[in-house]
Amino acid sequence: MISKSLAVQSPHLRVAFFTMLGVAAMAGALNGAMALGSWVAQTTAPAAPAPVVQPKVEAPEPPPPPPAYQFDAPLPGRVVNSPFGLRQMPWEENGRLHEGVDIAAPGGAAVKVAADGVVKAVGVSGSYGRYVEVMHKGGLTTTYAHLKGPAAGVKRGAYLKRGSTVAYVGNSGRSTGSHLHFELRKGDKPLNPTLFLGRTFAEADDLPLKAAGRVSRKVRVATVSRWPDSVVKARAAKGLSSGDGVTITRTKTGRVRAQIPVVVG
């Protein structure tokens, strides 16, 4: 049998019990809410900025290598008036090889070295007059003849850069007027300089050695401004005038042209 006192108190106990459960539930809910808020705050915090990716810069292509050979005209702007090939002078009976080109220019004009090189010789000869010979790579040489004289500092062993002054135009040696005689050779073989001047060649194999070594069988009649004194004296000793057997005409510029039938051999 349940006592009356217990029966009276039981409702109050139940109320107190459920009240405590409510408080505990509320505290748990508050703690859970705080924990959830902390987690949300952590997960929604601004992320660290992504690293900036620099665009890939392509390395510039290296410049092309300089040409192996480069040749300049020894008298820029001047015209070749006596080309490479077989040529007959008015006082000669047959044609012979003109081993270079003649470029007319006033006396004293600066002559430029055609390519980088080292001076091989500076001298005087009966035919070339004053001359300078320059060695270049690949066994090539250039010769500058009928000069007034070499430039300052131009002597055997001197190094010359392409385009620097090597000498000055003159009328020395077996010459019929102020001009430059210019030769280009591979070893001892004369080559046609006009196939080289003003051109560049990437490699030695690009040099037009074969074409430049060809000699046309056509003999060209030379144009001269005067007969060399030695020729005039030699003909006079034989009782001949300088014009025997040759038709001489004078051009508008005052140069003398000898009209000789072209010989094809």
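Trainee: Which residues touch the most other members of the largest nonpolar core?

Mentor: In general, nonpolar side chains in soluble globular proteins tend to be buried together. A nonpolar core here is a set of buried Ala, Val, Leu, Ile, Met, Phe, Trp, Tyr and Cys residues joined through side-chain atoms within 4.5 Å, where buried means under 20% relative accessible area, exposed over 50% and partly exposed in between (1.4 Å probe, protein chains only). The largest one has 24 residues, and Leu75, Val111, Tyr144, Val166 and Leu180 touch the most other members. This is a predicted model, in which local features need pLDDT of at least 70, side-chain atom pairs count only at pLDDT 80 or more, and totals for chains, interfaces and linings use all residues. Side-chain values use heavy atoms, with hydrogens and water left out, and residues are numbered from 1 along each chain as its sequence is written.

Trainee: Which element gives the largest share of this core?

Mentor: Strands (E, at least two residues) and helices (H or I, at least four) are DSSP runs numbered from the N terminus. Strand E11 gives the largest share, 3 residues.

Trainee: What is Val111 in contact with?

Mentor: Contact means heavy atoms within 4.5 Å. Beyond its neighbours within four places in sequence, Val111 meets residues including Leu75, Tyr144, Val166 and Leu180.

Trainee: Is Thr141 buried or exposed?

Mentor: Thr141 is buried, because its relative accessible area is 9%. This residue is found in strand E9 (residues 140-150).

Trainee: And where does Ala73 lie?

Mentor: Ala73 is in the loop between strand E1 (69-70) and strand E2 (80-82), and at 29% relative accessibility Ala73 counts as partly exposed.
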